[in-house]
Amino acid sequence: MRPTHPLTSEERRRVEADAAVLEALGALASECGPDAPGDDHAAYLAWRAAELRRGRVLGADRWSDDQVSVVARRAAGEALAIRSRIRSCYAAATTRPAPDDAALDPFPAAVQAANAMSRAPHLDLGVAAGPGRELWDEPCESWVDIPGDLPRGQFIALTVSGDSMVPLLHSGDVVLTQLGAAVRRDAVVVARRGDDGYVVKRVGDFDDWSIELVSLNPAYPPVRVPREADTVVGTVVLRWCAHDGV
């Protein structure tokens, strides 16, 4: 029989902390659905290990309700990111001024110029609301650094406005969006919603004629938009959460 050993005080703290995390993760059942945190468990466990190494769940012997709630919200956001194939960066995006000769370029040229330098034009979703407005109507005066290990593609960076995608995205977060009209269930996309401007939503059901756009905040009902060439701008592949994801 394998001998047993009593837990050290540090090991006991780890067990108690993980028990609190497991309790907090119960919130995932309502936040992410019955299959949370998605099928990429290795990525989720790697994130949990990183949290432990950073000491985020190894504090006091007992957690307050507020601490458990914070962990639950952060875990829900991370699980949703994994399910939607979105990388997470809990820091502000590195923003740089666009070169003077590129700030007024037409949108396709600005994207190509920025992407050639591993950067993405930084636009604000909030300015694209209302009839006839386009994301690229305003001059793009800043660029965001793109991580070097991302697959090749065309990218823009957008600042999120509103709380319809909490706990995955919060107002003020910056999302890196790969341009292209491909549609995949559970992907988070930037889409045009008629004259209401642009929105960031998760893809629900879709067919050859329409796409269901789903908010994660239950206060906002799903909407359907026509599946046309200019409906989907692109798919979110990375989120910068300067507020630490909660």
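Q: Is Ser142 buried or exposed?
A: In this predicted model, local features need pLDDT of at least 70, side-chain atom pairs count only at pLDDT 80 or more, and totals for chains, interfaces and linings use all residues. Residues are numbered from 1 along each chain as its sequence is written, and side-chain values use heavy atoms, with hydrogens and water left out. Buried means under 20% relative accessible area, exposed over 50%, and partly exposed in between (1.4 Å probe, protein chains only). Ser142 has 18% relative accessibility, so it counts as buried.

Q: Which strand holds Ser142?
A: Helices (H or I, at least four residues) and strands (E, at least two) are DSSP runs, numbered from the N terminus. By that numbering, Ser142 is found in strand S4.

Q: Which residues does Ser142 touch, not counting those up to four places away in sequence?
A: Contact here means heavy atoms within 4.5 Å. With residues up to four places away in sequence not counted, Ser142 touches Thr95, Arg96, Pro97, Ala98, Ala120, Pro121 and His122.

Q: Is His122 buried or exposed?
A: His122 has its place in strand S3. Leaving aside neighbours within four places in sequence, its contacts include Ser142, Trp143, Val144, Leu158 and Val174. Its relative accessibility is 18%, so His122 counts as buried.

Q: What separates the C-alpha atoms of Leu158 and Asp173?
A: Leu158 sits in strand S5, and at 0% relative accessibility it counts as buried. Leu158 and Asp173 are 15 residues apart along the chain, and their C-alpha atoms are separated by 8.3 Å.

Q: Why do the buried residues of H5 line one face of the helix?
A: In helix H5 (residues 107-116), the buried residues are Phe107, Ala110, Val111, Ala114 and Asn115. Seen down the axis of H5, they line one face because their directions fall within an arc of 120°. That arc is taken from the directions from the helix axis to the C-beta atoms. On the other side of H5, the exposed residues are Pro108, Gln112 and Ala116.

Q: Which strands are included in what covers the buried residues of H5?
A: The buried residues in question are Phe107, Ala110, Val111, Ala114 and Asn115. What covers them includes strands S3 (119-124), S4 (142-145), S5 (155-159) and S6 (174-179).

Q: Where is Asp186, another residue with a positive phi?
A: Phi of Asp186 is near 75°, in a residue other than glycine. At 17% relative accessibility, Asp186 counts as buried. Its place is in the loop between S6 and S7.

Q: Which residues join at the cis peptide bond?
A: Pro167 has its place in the loop between S5 and S6. The omega of the cis bond is about 15°, and the residues it joins are Val166 and Pro167.

Q: Which residue in S10 is the bridge partner of Ser210?
A: Two strands pair if DSSP finds at least two bridges between them. Strand S9 (residues 210-214) and S10 pair in the antiparallel sense over four bridges. Strand S10 (residues 223-226) has a covered face, Val223 and Val225, and an uncovered one, Arg224 and Pro226. The bridge partner of Ser210 is Pro226.

Q: Which residue lies over the face of Tyr220?
A: A charge sits over a ring if NZ of Lys or CZ of Arg is within 6 Å of the ring centre and within 35 degrees of the ring normal. At 5.6 Å from the ring centre of Tyr220, the residue over its face is Lys201.
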